[in-house]
Amino acid sequence: SMVHHYNFTVVTINTTKLCSSKPIVTINGRFPGPTLYARESDNVLVRVTNHVQYNITIHWHGVRQLRTGWADGPAYITQCPIQPGENYLYNFTLTGQRGTLLWHAHISWQRATVHGAVVILPKKGVPYPFPKPDKEKIIILGDWWKADTEAVINQALQTGLPPNLSDAHIINGNPGPVSNCSSDRAYTLHVKSGTTYLLRIINVALNDELFFKIAGHNLTVVEVDASYTKPLSTDTVFLGPGQTTNVLLTADKGVGKYLIAVSPFMDTVVAVDNLTAIGFLRYKDTVPFSPLTLTPIPPINATSVTSTFSRSLRSLNSKKYPATVPLTVDHSLLFTIGVGIDPCSTCTNGSKSVGAINNVSFIMPTTALLQAHYYNISGVFTTDFPPTPPIPFNYTGNPPSNLQTNNGTKLYKLAYNSTVELIIQGNSIIAPESHPTHLHGFNFFEIARGVGNYDPQKDPKKYNLVDPVERNTISVPTAGWSAIRFRADNPGIWFFHCHLEVHTSWGLKMAFLVNNGKGPNESILPPPKDLPKC
Ligand code: C2O
C-alpha cells in the first residue's frame, strides 16, 4: 500500500454566480475542491492549513476511521476546530473500503463551498465487479446561495425563523442556463459514441435530497456509499446529501445533445423549492443543435420513485454468500427524529424550530467530546441518551401535539463489538419530512424501510438479512421509518445526525460512545501531537 500526501490550504476567493458576486471559502482556491485519490488500504495524509478568518475542520465522509477518530473531523465532536493561522495533519488509512465518498467542512455551514470527492480505487490488480468502464467522471451536485451562507444560518438561529432557501442547484459548480446570467455556465459531459462511462455522483447539497437524470439514457447503479450493489437499471437516481452513487452510462445514441437535470425532492410543502440545475450530455462531433427535452423532473410521483429506488438497491451478496449483518442484537434502539417548535423569548415570533432525537435536542459542547472521553474530563457530556422515545405516540397522521424538547450533550454508550439495531422513525411533529441521516465511523446495513409507524410485531418479518445495501447515510422516508444494523467494532465517539444542514443546526444530532475493547487492536489510537486545542 502507498502513502498519499495532500496539502489543503483554506483560502477565500471571489466567485460570481446567478449575476451576483461574493467571497467564498475554498480549498486551494478551487470550487468544488480537489479530488482525493487513493487505493484500498492506502494511508492518506492531508495537511489542512487555515488562511481564512473562520474556524475550520474537514470530515472524510464515509471513511471508517478505524481507531482513528482524531481524523474524523466533526468540530467539537472528535476535534477542536483549526483556528485561523493554524494547521492540522489528518492521518488515516483506508480499511476495507473502495468506491466514491466525499470530504467536506464539518463546522457551521462551511460545507456549502468546502467540499470535494474521495475516490478509492480497488487494490492494484483487483477489478471492479462490473464491466470495466472506458472512462470515469466525477459529478458533484450541490446548492448555491447568493448570500453568504454563514450569515444565512446565523440569522436563522438568532431570529428562530427558518433559513433562506438556496437560490440554485449546481452540477460541478454550474447552475446552467436557468438564471440567464452570462457568467453562468452549464456542466457538459462530453461523450464519445459507443463508450461506457462510470459516473461517480455525489450529493454535497446542504439542504436538499436530489434527483439526477439524463435524457434518453439509462443509468445502471453499481455502487452506493462506496459499497457495491447488484446492477440496478434506472432512469432516475436519488441521492440524499452525503450519499454517493456510481452508475454506468453507455453513450449509445450516436450523436446529439441531451439534457441533464438535477432537482430537489420536495417531501412536503414546508417550503417550496423547485429549482432545477441543467447540464448537457454532448456527443463528440455533434454539430450544434437544440437539446432533446427531458421528461419532467422530479418524477410525477416523487415519493414512490424514491421508495422504489431505495428498496431496489441490493448488495452483491446472495443466499449462498449472505452479507455480514449482525443476526443477534445487543442494543435494540428506537430513535424518533424530526423538527418541532419550542418557545423562545428572544426570537422574532416568540418561538423557534428545534431538531431532536428521542426528544433530546443536542447541545454542542465547547470541548471536543473525543478529547473529554480520552482524557477523562468530566462535565462535558453525559451518557444518558434515551434508547427509546420518552412517551410513545403516533408519529404520523395527525401531527401529535409537540413535546417541548430536552436539551443536552447526551451520548449513547455501546460496548466494543456489541451489535446494534436502530429503528429511525420520522416523528412528523410539524409535518412529515424526510431525513437523510448519517452515521460516522461505521457502515451499516439498511435491512428495512416503511411508511407510517414502525410495527415491532410485523416489520421484523420483512427484514432483509441476506443482501441489504451497506451505507453510511440513509434517506429515512417521509412519514416513515428505516431499520439499520451495525456492529460497534470501532472504538471512539461517533456523530449521528441528519445531513440536512438546517436540521443539524437545529439540534437533530447525537453521538455514540464506543468503549475500547480488551484486545491489542481494539483501542482508540493516541491523539496526534498537533491535535487542535479549543
Ligand atoms: Cu457528511 Cu457528519 O457529515
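The legends below describe several close-up views of a predicted model.

Residues are numbered from 1 along each chain as its sequence is written. Because the model is predicted, local features need pLDDT of at least 70 and side-chain atom pairs count only at pLDDT 80 or more, whereas totals for chains, interfaces and linings use all residues.

**View 1. Domains and the annotated segments.** The domain assignment, whose bounds come from an automatic or database source, gives domain 1 (1-126), domain 2 (130-315) and domain 3 (331-514). The centres of domain 1 and domain 3, taken over C-alpha atoms, are separated by 25 Å, and the contact takes 16 residues from domain 1 and 17 residues from domain 3, two residues being in contact if their C-beta atoms, placed from the backbone, lie within 7 Å. An unreviewed UniProt entry places the feature "domain: Plastocyanin-like" at residues 12-124, 136-284 and 384-517; UniProt positions are given in the numbering used here, feature names are shortened, and annotations may be inferred rather than shown by experiment. Over residues 12-124 the chain is 0% helix and 45% strand, where helices (H or I, at least four residues) and strands (E, at least two) are DSSP runs numbered from the N terminus.

View 2. A nonpolar core is a set of buried Ala, Val, Leu, Ile, Met, Phe, Trp, Tyr and Cys residues joined through C-beta atoms within 7 Å, and a residue is buried if 20 or more other C-beta atoms lie within 10 Å of its own, exposed if 12 or fewer, and partly exposed in between, with C-beta atoms placed from the backbone. The largest such core has 138 residues, and those with the most contacts inside it are Leu141 and Ala511. Leaving aside neighbours within four places in sequence, Ala511 is in contact with Ile77, Leu369, Leu411, Ile493, Trp494, Phe495 and Phe496. Leu369 belongs to helix 3 (residues 369-374) and counts as buried because it has 26 C-beta neighbours inside 10 Å.

**View 3. The buried face of helix 1.** In helix 1 (residues 149-159), Thr149, Val152 and Ile153 are buried. Seen down the axis of helix 1, the buried residues fall within an arc of 85 degrees, so they line one face of the helix; the arc is that of the directions from the helix axis to the C-beta atoms. These buried residues pack against helix 4 (501-505), and helix 1 is followed by Gly160, whose phi is positive, near 80 degrees.

**View 4. Strands 20 and 21.** Strand 20 (residues 331-343) pairs with strand 21 in the antiparallel sense over seven bridges, pairing being assigned if DSSP finds at least two bridges between the strands. Ile337 stands opposite Ile357 in strand 21. Six of the seven residues of strand 21 (residues 351-357) are buried, so this strand is largely enclosed by the rest of the structure.

**View 5. The loop between strand 2 and strand 3.** Pro32 lies in the loop between strand 2 (20-27) and strand 3 (36-39), and a cis peptide bond with omega of about -10 degrees joins Phe31 and Pro32. Asn28 lies in the loop between strand 2 and strand 3; its phi is near 55 degrees, a positive value in a residue other than glycine, and Asn28 is partly exposed, with 15 other C-beta atoms within 10 Å.
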